[in-house]
Amino acid sequence: MKKSKIIAGILSAVIALSAFAGCGNNTSSSSEEGKATTVTIGTLDLVNGDLIAQYEKWYETELGVDVKIVKFDSGKDINSALASGSIDIGQEGTSPAALAIASGIDIEVFWIGDIIGAAETLVAKNGSGITSLKDLEGKKVATPFASTAHYSLLNALKLEGIDASKVEIIDMQTDKINAAWHTGDIDAAYVWYPVLGELLKDGTPITDSKQLADKGVVTGDTNVVSRKFAQENPEIVTKFVKLQLKANDIILNDSDKAAEEIASVLEISKEDAAEQITQFTYLTADEQINYLDKSLVATLKDTADFLVEQKSITEAPDISEFESRVTSEYVKAAAAEK
C-alpha cells in the first residue's frame with residue numbers, strides 16, 4: 001500500500017499546515033462574553049437527519065445564532081477544515097473521525113447520524129471481468145482514502161485473504177469517481193450515494209457495508225465538534241442535537257415526508273431517496289446514548305488500529321484517548337429538554 005503511505009503523509013502535512021495557518025482564524029464570531037454569534041457547519045451529502053434539518057432550515061431558525069453551512073466532498077476535507085478552524089461542527093464517517101483523533105485534531109464525537117448498510121457498496125463496471133472480490137487483483141479500484149468506504153474495502157479484502165498490494169487502490173473523491181468510471185480509467189469503486197446510484201446503472205454490486213457489518217466490520221456517520229467551541233458553547237451543540245433527534249423522528253415515523261425532503265435537498269427522485277433511507281439504520285436518543293457510551297469508542301479504536309496496520313497512519317492512541325473524545329452529554333441534555 002505504497003500509495004496509502006504517500007497519501008497519508010501528504011494528508012498529515014496538509015492538516016499540520018492548515019492547523020498552523022488557521023490558529024486564531026476560526027470563522028465563528030464571538031460576543032464580548034466569549035459566546036459564539038456565528039456557527040459554521042460542515043456537511044456532506046449523507047442520507048440522514050442533517051438533510052432534513054437543512055430542508056426545514058432549522059439550523060438558521062433554531063440554533064439562536066447566525067449559521068454558515070459549507071458542503072464538502074469527504075470526511076478527509078472536513079478534518080482539514082476542523083484542523084484549520086474554518087468550521088465548528090462537521091459531519092464525517094467513523095474512519096475520518098478515528099483519523100482526526102489519531103492525528104491530534106481537537107474534536108469530540110457527539111452524534112451518530114446513521115449506521116451504514118448497503119448505502120456504501122463496492123460496485124464493478126460491467127464488462128470488467130470482476131464478479132467477486134478475488135477478481136480485484138490487478139484491477140483499478142477507486143475510493144476516497146480515509147473514508148468509511150476505504151476502511152470497508154480494505155477489510156473486505158482482508159476477510160477474503162486478498163493481499164491489498166495486488167489491487168491498484170486509487171484515492172479519488174466522489175465527483176472524480178463518476179468521471180473516471182465513464183472514461184474507463186477505473187474498473188470498480190467502493191463509494192456511496194449519489195455517485196453509487198450512477199455507477200449501478202452500468203455496474204454490478206460485489207459486496208457492501210451491510211454484509212461487512214454482519215461480519216463485524218461496522219461503520220457509521222458521525223457529527224464532531226471542535227472541543228474549544230463545545231466547551232464555550234454547549235447550548236448550541238445541545239440545540240444541534242435536538243434538531244437531529246427531531247429529524248430522526250421524521251425518518252423513523254414518517255418515511256414518506258423524510259423521502260420527500262431528502263430528495264429535494266439532494267435533487268433526486270423521491271423514490272430514490274426512499275430506497276436510500278432503507279440502506280441505513282437511524283438511532284433513537286436511547287440508542288444514541290448506548291452507542292456513544294459503549295460501542296463507538298471500540299469502533300474508533302479498532303479503526304485507528306486498522307489504519308496503522310495498513311500504514312495509513314504511524315500509530316494509534318490508547319483507547320483512553322478515544323474515550324475522552326466521545327461524549328453522550330449533549331444527547332442526554334437534548335433528550336431531557338424534549
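Helix axes are taken here as lines fitted to C-alpha atoms over the stretch in contact, with angles running from 0 to 180 degrees between N-to-C directions. In the predicted model, the axes of helix 4 (residues 75-84) and helix 5 (residues 94-102) come within 9 Å and cross at roughly 35°, and the crossing of helix 4 past helix 5 is right-handed. Helix 4 contributes Gly75, Lys76 and Asn79 to this contact, while helix 5 contributes Pro96, Leu99 and Ala100. Sorted by class, the residues of the contact between helix 4 and helix 5 comprise three nonpolar, two polar and one charged.

The chain as a whole contains 16 helices and 11 strands, and buried residues make up 55% of its 338 residues. Of the contacts in the chain with a separation of 6 or more, 78% are accounted for by residues 24 or more positions apart.

A pair of aromatic rings is described by the distance of the centres and the angle of the planes. Five aromatic pairs are counted in the model. In one of them, the ring centres of Phe110 and Tyr330 are 6.2 Å apart and the planes stand at 80°, so the pair is classed as edge-to-face, the angle being over 60 degrees. Because Phe110 belongs to strand 4 (residues 107-116) and Tyr330 to helix 16 (residues 329-337), the pair ties together parts that are 220 residues apart in sequence. Both Phe110 and Tyr330 are buried. The pair formed by Phe280 and Tyr282 is instead tilted, with 6.1 Å from centre to centre and 40° between the planes. Phe280 has a relative accessible area of 13% and is therefore buried, and Tyr282 also counts as buried, at 7% relative accessibility.

Gln276, a residue of helix 13 (residues 270-277), is buried, its relative accessible area being 3%. When residues up to four places away in sequence are not counted, Gln276 touches Val47, Tyr193 and Ile268. Pro194 itself is found in the loop between strand 8 and helix 8 (195-199).

Lys57, placed in the loop between helix 2 (49-56) and helix 3 (58-62), has phi near 55°, a positive value in a residue other than glycine. Ala146, which lies in the loop between strand 6 (140-143) and helix 6 (148-159), has a positive phi near 70°. With a relative accessibility of 12%, which is under 20%, Ala146 counts as buried.

Gly184 occupies the loop between helix 7 (174-183) and strand 8 (188-192). With a relative accessible area of 46%, Gly184 is partly exposed. The C-alpha atom of Gly184 is separated by 9.6 Å from that of Ser128, a residue 56 positions away along the chain.

Terms used. Residues are numbered from 1 along each chain as its sequence is written. This is a predicted model: local features need pLDDT of at least 70, side-chain atom pairs count only at pLDDT 80 or more; totals for chains, interfaces and linings use all residues. Side-chain values use heavy atoms; hydrogens and water are left out. Helices (H or I, at least four residues) and strands (E, at least two) are DSSP runs, numbered from the N terminus. Buried means under 20% relative accessible area, exposed over 50%, partly exposed in between (1.4 Å probe, protein chains only). A crossing is left-handed if the near helix is turned anticlockwise from the far one by less than a right angle, and right-handed if clockwise. Contact means heavy atoms within 4.5 Å. Ala, Val, Leu, Ile, Met, Phe, Trp, Tyr, Cys and Pro count as nonpolar, Asp, Glu, Lys and Arg as charged, and the others, Gly among them, as polar. Rings of Phe, Tyr and Trp (its six-membered ring) pair if their centres lie within 6.5 Å; planes under 30 degrees apart count as stacked, over 60 as edge-to-face and the rest as tilted.
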